[in-house]
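Me: I'd like a close look at one part of this model, please. Could you walk me through its aromatic rings and what surrounds them?

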Amino acid sequence: MRFSQATTLGVVTWLAALAIGFGWLSAYKSTPGKAASAEAHWPAESRLSLHHDKPTLVMFVHPRCPCSRSSLAELRSIVSTLKEALSVEIVFFQPPNADESWRNADTWSSARQIPGASVSCDVDGREAQRFGATTSGHTFVYAPDGQLLFCGGITAARGQVGANAGSDAILSLGKGETCTQTTPVFGCPLFSNDKLLTQFPSND
């Protein structure tokens with residue numbers, strides 16, 4: 001069977017488009033979110049609870065960010081390994097005037113299933129701003145005296161579950177060891193042009 005020049009050109013164009021698409025997707029998955037401007041100590045004005053007998057982990061999540069499914073899966077693995085060595089706070093962004101249906105996503109359900117974790121809503125992103133969180137999945141760990149021990153993400157790329165520097169660092173902290181203090185965060189932005197985003201990809 002002979003192919004016409006038009007057919008051959010069409011196939012070549014299609015293959016080139018596929019290559020560009022895969023390249024873009026690969027670059028997107030490996031591009032971290034904006035770095036946090038975290039303070040060295042627990043924010044005094046925060047309404048979250050700092051545990052005074054063990055490190056406190058705080059993760060900020062946008063309920064409609066699909067990348068954060070992996071962050072929550074990694075957090076569940078960390079908690080499973082460390083048991084009760086950490087106090088865990090998972091904070092979900094919620095726009096002002098939104099009802100509970102807005103956070104009705106599988107990420108919220110996943111967070112509620114993490115043993116011992118406290119799950120709450122952050123109306124208008126006030127807590128995220130206090131901590132300096134800018135990306136969904138942003139995780140902070142504080143010592144009982146309020147000193148910042150870790151700031152970053154716990155996945156190696158967007159939507160990727162598996163070995164990563166952030167999880168390793170927190171596991172070391174939970175065991176009383178030293179760790180890398182910062183890692184990149186792979187997730188959807190919480191802020192855009194200084195305004196909190198309210199539209200994210202669906203979880204479908």
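How many aromatic pairs does the structure hold?

Reply: Happy to. This is a predicted model, in which local features need pLDDT of at least 70, side-chain atom pairs count only at pLDDT 80 or more, and totals for chains, interfaces and linings use all residues. Residues are numbered from 1 along each chain as its sequence is written, and side-chain values use heavy atoms, with hydrogens and water left out.

The structure holds 8 aromatic pairs; here rings of Phe, Tyr and Trp (its six-membered ring) pair if their centres lie within 6.5 Å, with planes under 30 degrees apart counted as stacked, over 60 as edge-to-face and the rest as tilted. One of them joins Phe-131 and Tyr-142, edge-to-face, at 5.8 Å centre to centre and with 75° between the planes. Because Phe-131 sits in helix α4 (residues 126–131) and Tyr-142 in strand β4 (residues 138–142), this pair ties together parts that are 11 residues apart in sequence. Helices (H or I, at least four residues) and strands (E, at least two) are DSSP runs, numbered from the N terminus.

Tyr-142 also pairs with Phe-140: their ring centres are 6.4 Å apart and their planes lie at 20°, so this pair is stacked. Ring pairs link Trp-42, Phe-60, Phe-131, Phe-140 and Tyr-142 into a cluster.

Let's stay with Phe-131, which is buried with a relative accessible area of 1%. Leaving aside residues up to four places away in sequence, Phe-131 touches Ala-38, Trp-42, Pro-43, Ser-46, Leu-48, Val-58, Phe-60, Phe-140 and Tyr-142, where contact means heavy atoms within 4.5 Å. Pro-43 is 88 residues from Phe-131 in sequence, yet their C-alpha atoms are 6.5 Å apart in space.

Now for the sheet that includes β4. Its 5 strands form an open sheet in the order β3-β2-β1-β4-β5, with mixed pairing; two strands pair if DSSP finds at least two bridges between them. At the edges are β3 (118–123) and β5 (148–152), each pairing on one side only. From one strand to the next, the twist averages 20°. Strands β1 (residues 56–61) and β2 (residues 87–94) pair in the parallel sense over 6 bridges.

Helix α2 (residues 68–82) packs on this sheet, touching β1 and β2, and its direction makes about 165° with that of β1. Axes here are lines fitted to C-alpha atoms, for helices over the stretch in contact, and angles run from 0 to 180 degrees between N-to-C directions.

Terms used
Buried < 20%, exposed > 50% of the residue type's maximum accessible area, 1.4 Å probe, protein only.
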